[in-house]
Amino acid sequence: MPAADSDDEYIQTISDEEGDAHRVSNGRRRGDRSTGGRGRNVRAAGFEVSRTWEALEEGVDGTISGAIEGLLDATKRKRATKDTTPFQRGIIRHLILILDLSEAMLEKDLRPSRHLLTLHYAQDFVREYFEQNPISQLGIVGMLDGKAERISDMSGNPEEHVSALQAWRDKQPSGNPSLQNALDMARGALFHAPSHGTREVLVIFGAIYTVDPGDIHDTIKALVLANITCTVVGLSAEVAICRTLVTKTNPSMNPQLAYSVALDETHYRELFMAATTPPPIAAANHQPERDDTGGTLLQMGFPSRIVTPYPSLCACHSQVTRDGYLCPRCNSKACSLPSECRVCGFTLILSTHLARSYHHLFPLLNWYEVTWNMARSQSPSQKHCFACQTSFPEIPTEQSLAEAESRKKKASGLAAAKQPTAVVGRSEQAGTRVLNSSSRPQATHIEGISESGRYGCPTCQTHFCIDCDVFSHAETHNCPGCLAKVGLDHGYGDSDGMDIDASSITKPNGIGNKMTDKDVYGDILKGLEKLLVGVS
Amino acid sequence: MASRMDELDASEHYTKESEDAAPVLLNIILDTNPIAWAYLSDTLPLPKVVAALLVFINAHLAFNQANKISVIASHVDRAEFLYPTITPSEVQSNEANEMDTVMQNARNGHDTAADDANFYRPFATIASSLNDALRKLFAKTPPSALSNSTTALAGAMTLALAHANKLIVELTPDRSTNPAVITSSALTAPTALHSRILVLSASPASPHQYIPLMNAIFASARLSIPIDVLALTPTSSTFLQQASSTTNGIFLTLQYPHGLLQTLLQAFLPSLPSRGYLVPATQSAVDFRAACFCHRKVVDVGYVCSICLSIFCEPPEGAICFTCGTKLRLQDYGKKPVVTVRKKKRKRQEGDNGVATPSGRMTPAA
Ligand SMILES: [Zn+2]
Ligand SMILES: [Zn+2]
Ligand SMILES: [Zn+2]
Ligand SMILES: [Zn+2]
Ligand SMILES: [Zn+2]
Ligand SMILES: [Zn+2]
């Protein structure tokens, strides 16, 4: 069975995440060393480095347990809360991943070592990349001993890349990295990438120097000419040449997003995995020679899966199989999709592969945090998460809310009067966030976390628990409320272009004759009653 | 075969056992489209199906003390939990767990099934609460909803997945981790909960739901939750076929209505680990052809917008994608790439022989 199904690779993608086990991180130390602009600010604003205990406030019930859980939940939710602007994203991508395999990767500041962690994350990256971008291409290049080495060729098969990466686990990183050589090789590999896809390079750079045979600025110019965008994840410190590379090749992108330095294992993973999301197609596509539309109409084949009584050879590997997909143009057999027909060069794909990308185009709106007052006014009757039926905490009375509020105001007022300087200093340190509660309307409010434990969908106004919020945004990309409640009128139907008139939906033959309004229910109800009698 | 023998010899007994002992959450999605059931009433009336389903559920629960069950109705105007349900009595006492709720419900209710001494109590409570919920569901359906020929299948699947996810999160010791970690640990930890979805479908899925349905299917593929489908009518749904094939589930069309219980017990009762040792009853040829966005024509060769991936059966008018509004360039597929290159070369050579333009020479470098 498994051999017959090309989707297997997607099902078995979830691998162990040993990296995340190192949660007790050495973030502060590395933060001091790093000069990475964005990373530092983000980290300082996050609760891990800032003084978490100062953010704790008594909840309405007078304990702080809610606040502690809230902090944990905040990190959970941060991952799920995404930019939901329906960008036009470059969904057909061509990306070269450049891995540093030089001596600098022997450092053990990222555990178990930069090298092993990078290989591990790279495998996750490959799987996630093809999960998110099923009809894209990927190639991997390594930098070691002053030269560029091809780890895997440009291809659309995740397993090839993963096995190529696994082979590198046994080899030791050595020598100096050469950014120029690697970029030149990447440029060569992307040269033939068709114009309707993106051309991207992602560099994982552990060293703080590069040994190049020529002028790397010429290479950067060539990259710009070839419309290749480069992003860099640094592991040690910001390097000037990487900054130049990123700014030159991403004129429209926020340079802080394109080049960041990892602070710890978790942050490294975040930065690495961020590259799996298809990039928005920049409004100012810096490619005058291409016409400014950017879109291309691609002809593709959607073969069905067949199983024959007698085995035959597949065109791609010359292996004997009974099942496969027939190219609709030339009838040769391919054993896994997506692929290109070996005989006629037709792009063969499953319609489900295309559907896998639709959630990027029609993203689920972020849900809002429901305050106690909103919970009371909007839906006092909903006491359970709509999706998983866990009960919500009791809505406190208006009176008790007001009391808690005034108690808090008093307390923070005292604190502010006692140490005004300390408060200012702290807020400056924290960069963007002011922890002093008197300046914020809601003291218990931790950013991104709802005080009532409820999260509401802006479309259907249904409330959900945090687990369902995270799950819906990270995994299903569906709102259970919109779909389950008189679901067929909401959202999706209009925006996705799937709108067609109802008459074309096929009905089982003869249904019309059978249907006589109330009788339908009557019969069923009668039957159910009979059944109940039978049971007892 | 040899590899399987090796596996058995390699003293993996401990892990095998614990795998089998892991509780299974079975999410049953029951299509409750009244029109479809009216259509089926001669051969396969709904009460009979519910009765067979109850036997099937009891068999599932009897396999393992910790096995769990949920039944979700995919109705014409909504998707709703039929079991476990929230009842007014639970709203009053938030602490009450599932079983208590159902029992209270049964006591408050008008049926006597739960009090029968000859009936294993958990089975009786499920039977009565399921019937209760079904009756309520039909009673509150407005006649206007009957104009829908399809049901909220995507909603039902999303509910089932969210419910399964919550149970997995609760059973996973480290609750502070992100969903990806939760799923991976749920796969490896021996005590984790296995989950699967069984869809009893009686009416076709609407193309309107294509995107949410696909989202739900991919989510369950990522969570390793197989979607089994038993199509009660021969008008099999392409989407459901794709659902079971994408998630490694079983797709069957019910051939003999009288054999419903037999089919349920034989094809759909075996748990995921034991399915590896059985010959799957699924149909292996799957219709993967796509429906074009313009006419809902099923095509095997289509044109795809590179921006939004909409599928068209022929290049759209004026080469403007009507989903995203982008002006599209038509790639020339009539010529083979080799031919195109040769033509260019020839032109260039002519250019070099004649008037050499600097731009012509620059092209290969850029
Ligand atoms: Zn092959
Ligand atoms: Zn072909
Ligand atoms: Zn929930
Ligand atoms: Zn909603
Ligand atoms: Zn069409
Ligand atoms: Zn389009």
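Predicted model: local features only at pLDDT ≥ 70, side-chain atom pairs only at ≥ 80, totals over all residues.
Me: Let's begin with the metal. Which residues coordinate the zinc ion (ligand 3)?

Reply: Look for the donor atoms around the ion. Here they are the SG atoms of Cys385(A), Cys388(A), Cys465(A) and Cys468(A), at 2.2 to 2.3 Å.

Me: What is the geometry of the site of the zinc ion (ligand 3)?

Reply: Check the angles among the donors. With four donor atoms and angles of 104 to 120°, this site is tetrahedral. The donor residues follow the spacing C-x2-C-x76-C-x2-C in the sequence. That pattern links distant parts of the chain: Cys385(A) is in the loop between α16 (372–378) and α17 (398–418) of chain A, while Cys465(A) is in the loop between β15 and α19 (466–476) of chain A, 80 residues apart.

Me: Are Cys385(A) and Cys465(A) buried or exposed?

Reply: Buried, both of them.

Me: How many disulfides does the structure hold?

Reply: Zero, over all chains. Take Cys230(A): the closest cysteine sulfur belongs to Cys242(A) and is 9.9 Å away, which is too far for a bond. A disulfide needs the two sulfur atoms within 2.5 Å.

Me: How accessible are Cys230(A) and Cys330(A)?

Reply: Cys230(A) is buried, at 0% relative accessibility. Cys330(A), with a relative accessible area of 29%, is partly exposed.

Me: Now sheets. How do I read one?

Reply: Strands of a sheet pair through backbone hydrogen bonds, and the pairing can be parallel or antiparallel.

Me: What holds β14 of chain A to β15(A)?

Reply: Two bridges join β14 (residues 455–456) to β15(A), and the two strands run antiparallel. Tyr455(A), for instance, has Phe464(A) in β15(A) as its bridge partner.

Me: And what is the strand order in the six-stranded sheet of chain B?

Reply: Read across the open sheet and you get β3-β2-β1-β4-β5-β6, with mixed pairing. At the edges stand β3 (79–83) and β6 (251–253) of chain B, each with a single partner strand, so each has one side left without a neighbour in the sheet. From one strand to the next, the twist averages 20°. You can see a parallel pair in β5 (residues 227–231) and β6(B), which share three bridges.

Me: Time for a helix. How much of α13 of chain A is buried?

Reply: A helix turns as it goes: an α-helix has 3.6 residues a turn, so residues three or four places apart point the same way. Helix α13 (residues 265–274) of chain A is mostly covered, with eight of its ten residues buried. Among them are Tyr268(A), Leu271(A) and Phe272(A). Look at the start of α13(A) too, where a side-chain oxygen of Asp264(A) comes to within 3.1 Å of the backbone nitrogen of Thr266(A).

Me: One last residue. Where does Arg93(A) lie, and what does its side chain contact?

Reply: Find strand β1 (residues 93–100) of chain A, and Arg93(A) is in it. Arg93(A) is buried, with a relative accessible area of 1%. Its side chain makes a polar contact with the side chain of Glu200(A), at 2.8 Å. A polar atom of the Arg93(A) side chain also lies 3.1 Å from the backbone oxygen of Thr276(A).

Conventions. Residues numbered from 1 in each chain as written. Chains lettered and ligands numbered in written order. Heavy atoms only, no water. Buried < 20%, exposed > 50% of the residue type's maximum accessible area, 1.4 Å probe, protein only. Pairing = 2+ DSSP bridges. Helix = DSSP H or I, 4+ residues; strand = E, 2+ residues; numbered from the N terminus. Donors = N, O, S within 2.8 Å, 3.2 Å for Na, K, Ca; no water. Tetrahedral: all angles 85-135°; square planar, octahedral: opposite > 155°, others 65-115°. Polar contact = N/O pair within 3.5 Å; in protein donor to acceptor, adjacent residues only side chain to side chain. Axes fitted to C-alpha atoms, helices over the stretch in contact; angles between N-to-C directions.
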